[in-house]
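Okay, everyone, thanks for coming.

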Amino acid sequence: MHISGDHSELVVGGRLDVRSAADARTILHEAVDAGEGDLLLDLSGLESWDATGLGVIMGVHRRAGRRGRRLVLRGVPLQMQRLLVATRLHRILAVEGGIGVENLPRV
């Protein structure tokens, strides 16, 4: 897993899973604490995430809200969009351009 960017826009690549969750949480929380306004999280380079990785995203979402910020996801891969819909988290998380639930192939 690798994360690059600053306190307003970050790019996440690789795998966001139980092995990388602690490092990702630290980096993302520091970005939330250091900035103002929306925090854009570009996930287009993310290969996969597991429940722990999704938990990190939700924790960052909550922390941003407490700081008066909003976490916005960009470039969410299709497989991960399906997971957000299946868990109904697409109703809670801000996704740039939204998720076209009706356009997602059924699994």
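Start with Gly13, which stands opposite Gly45 in strand β3. Next along, Gly14 stands opposite Leu46 in β3. Before I go on, this is a predicted model, where local features need pLDDT of at least 70 and side-chain atom pairs count only at pLDDT 80 or more, while totals for chains, interfaces and linings use all residues. Residues are numbered from 1 along each chain as its sequence is written, and side-chain values use heavy atoms, leaving out hydrogens and water.

When I say strand or helix, I mean DSSP runs numbered from the N terminus: E for strands, at least two residues, and H or I for helices, at least four. Two strands pair if DSSP finds at least two bridges between them.

Zooming out, 5 strands make an open sheet in the order β1-β2-β3-β4-β5, with mixed pairing. At the edges sit β1 (2-5) and β5 (94-95), each pairing on one side only. And β3? 8 of its 11 residues are buried, so the rest of the structure largely encloses this strand. Buried means under 20% relative accessible area, exposed means over 50%, and partly exposed is in between, using a 1.4 Å probe and protein chains only.

Now the helices. Helix α2, residues 51-66, lies across β2, β3 and β4 (71-74), and runs at about 140° to β4. Helix α3, residues 78-86, packs on the sheet too, touching β3, β4 and β5, and its direction makes about 105° with that of β3. Touching, or contact, means heavy atoms within 4.5 Å. For the angles, axes are lines fitted to C-alpha atoms, for helices over the stretch in contact, and the angle goes from 0 to 180 degrees between N-to-C directions.

How do α1 and α2 pack? Their angle is about 15°, and their axes are 10 Å apart. α1 and α2 are therefore roughly parallel to each other; that label covers angles under 35 degrees, while over 145 is roughly antiparallel, 65 to 115 roughly perpendicular, and the rest oblique. Among the residues that meet there are Ala21, Leu28 and Val32 from α1, and Val56, Gly59 and Val60 from α2.

What's in the middle? In soluble globular proteins, nonpolar side chains tend to be buried together. Here the largest nonpolar core has 30 residues, and Leu41, Leu43, Trp49, Ile57, Leu73 and Leu84 touch the most other members. By nonpolar core I mean a set of buried Ala, Val, Leu, Ile, Met, Phe, Trp, Tyr and Cys residues joined through side-chain atoms within 4.5 Å. The largest share of this core, 6 residues, comes from α2. Leaving aside neighbours within four places in sequence, the contacts of Leu84 include Trp49, Leu73 and Val95.

Ala94 lies in strand β5 and is buried, with a relative accessible area of 18%. Not counting residues up to four places away in sequence, Ala94 touches Arg70, Leu71, Val72 and Leu73.
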